[in-house]
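Please look at the sequence and the model shown here, and then read the short report that follows.

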Amino acid sequence: MNDLINISLGDAAVTALTGYLVVFFGLVLLMCVVMIMGKIMVGSKNKAVVETPAAAAPAAPAPAAPPAPGSAGELKLYDTDPKDAAMIMAIVADTLGKPINELRFISIKEVKEDEV
């Protein structure tokens, strides 16, 4: 224990340098492992993409599909943000106690104070 208190400047420098080298060697080793794992993951991703058949893509664009069951067509928004419109529709559906797909919203318009 007494030897550690009276350590020379040269011994302290060698000990510190050895500690730094061990830490940086560990970091370089970790970096190599991460890079190798990245290459393995990219390789497996590319292999999966290559294995999918290319003929599965449609040659011509599909005709417009009919609306999903329960949808009520298009909604016209006047001076209203789509997020606000979605919130309004959710509030109305909750207040009425009905699922939103059973309601039909034709248009939503923001009413300004001077229009009232």
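In which parts of the protein is confidence lowest and highest? The model is a predicted one, in which local features need pLDDT of at least 70 and side-chain atom pairs count only at pLDDT 80 or more, while totals for chains, interfaces and linings use all residues. Residues are numbered from 1 along each chain as its sequence is written, and side-chain values use heavy atoms, with hydrogens and water left out. Confidence, given as pLDDT (the predictor's confidence in each residue, from 0 to 100), is lowest in helix 1 (residues 2-5), with a mean of 66, and highest in helix 3, with a mean of 90. For the protein, the mean pLDDT is 80, and 70% of the residues reach 70 or more. Where pLDDT is low, the predicted coordinates should not be read in detail.

Helices (H or I, at least four residues) and strands (E, at least two) are DSSP runs, numbered from the N terminus. Thr80 belongs to the loop between strand 1 (76-78) and helix 3 (82-96), whereas Met37 is found in helix 2 (residues 9-51). Their relative accessible areas are classed as buried (under 20%), exposed (over 50%) or partly exposed (in between), using a 1.4 Å probe and protein chains only.

| Residue | Relative accessible area | Class |
|---|---|---|
| Thr80 | 15% | buried |
| Met37 | 41% | partly exposed |

Although Thr80 and Glu110 are 30 residues apart along the chain, their C-alpha atoms are separated by 5.8 Å. Beyond its neighbours within four places in sequence, Thr80 is in contact (heavy atoms within 4.5 Å) with Ala85, Ile108, Lys109 and Glu110.
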